[in-house]
Amino acid sequence: MVLIVEHIHIDAPVGRCFYLSLNIDLHQDSTAQTRERAIAGVTSGFIGLGECVTWRGRHFGIMLRHTSKITAYDAPRFFEDTMVSGVFRSFRHRHFFRPEGTGTLIEDNLEFAAPVPVFGKIAEAFVLEEYLRCFLRERNAFIKQVAESEEWRKYLLE
């Protein structure tokens, strides 16, 4: 099991950052490089507690599916999505939102285990951890860009 922890400060209110992070349309816009699309469950707008989304996207040159469920939710401070089905043995992503100065500190805790136990340790250490860390950073940079500009209005009614 690998734990990735990432932080980003965004000069925008906590609520805006929280709800942008739950927006399916924003997620799809932020993952242009992997062509990730919501194909089942909640496929646009906001996802909430107990709801699922199935993503299809190109990772490592292969089209993969990943279904996540929102398993914990405490607006606007925290939510957790957990893999229901996909290529990982386990995958849990916890999102924390804290006021910091005039903005928000977002903390991502992503825990995962690679698909194949023996070869998985090598993949976890040398490939998946860095790949997923970069994926989180790119997504958070996109959220930051949207939240700190007027573009957030495209995704939220605040």
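# Close-up views

**Glu80 has a relative accessible area of 11% and is buried.** Here buried stands for under 20% relative accessible area, exposed for over 50% and partly exposed for values in between, with a 1.4 Å probe and protein chains only. The model is predicted, so local features need pLDDT of at least 70 and side-chain atom pairs count only at pLDDT 80 or more, whereas totals for chains, interfaces and linings use all residues. Residues are numbered from 1 along each chain as its sequence is written, and side-chain values use heavy atoms, with hydrogens and water left out. Glu80 forms a salt bridge with Arg92, and the closest N and O atoms are 3.6 Å apart. A salt bridge requires a side-chain nitrogen of Lys or Arg within 4 Å of a carboxyl oxygen of Asp or Glu. Because Glu80 belongs to strand E5 and Arg92 to strand E6 (residues 90-100), the pair ties together parts 12 residues apart in sequence. Strands (E, at least two residues) and helices (H or I, at least four) are DSSP runs numbered from the N terminus. Arg92 is partly exposed, at 29% relative accessibility.

**Arg137 and Glu6 form a salt bridge, with 3.1 Å between the closest N and O atoms.** The two residues come from distant parts of the chain, Arg137 from helix H3 and Glu6 from strand E1, 131 residues apart. Arg137 is partly exposed at 43% relative accessible area, while Glu6 is buried at 9%. A network of salt bridges links Glu6, Glu129, Arg133 and Arg137. The structure holds 10 salt bridges.

**Arg133 lies in helix H3 and touches Ile4, Val5 and Glu6, not counting residues up to four places away in sequence.** Such a contact means heavy atoms within 4.5 Å. The C-alpha atoms of Arg133 and Ile4 are separated by 6.8 Å, although the two residues are 129 apart along the chain. Arg133 counts as buried because its relative accessibility is 15%.

**Asp29 and Lys154 meet through their side chains in a salt bridge of 3.5 Å, N to O.** Asp29 is in helix H2 and Lys154 in the segment after H3, so the pair joins parts that are 125 residues apart in sequence. Asp29 is partly exposed at 33% relative accessible area, whereas Lys154 is exposed at 58%.

**Strand E1 has alternating side chains.**

With neighbours within four places in sequence left aside, Ile10 is in contact with Cys17, Gly103, Thr104, Ile106, Ile143, Lys144, Ala147 and Glu148.

**Tyr19, Phe46, Leu49 and Tyr73 form a nonpolar patch on the surface.** Together they have about 370 Å² of accessible area, computed by the Shrake-Rupley method with a 1.4 Å probe, where for residues only the protein chains shown count as cover. Patches consist of residues with over 30% relative accessible area and no salt bridge, joined within 9 Å for like charges and within 5 Å for nonpolar side chains (Val, Leu, Ile, Met, Phe, Trp, Tyr). Leu49 sits in the loop between strand E2 (37-41) and strand E3 (52-59); at 54% relative accessibility, Leu49 is exposed.

Arg35 is partly exposed, at 49% relative accessibility.
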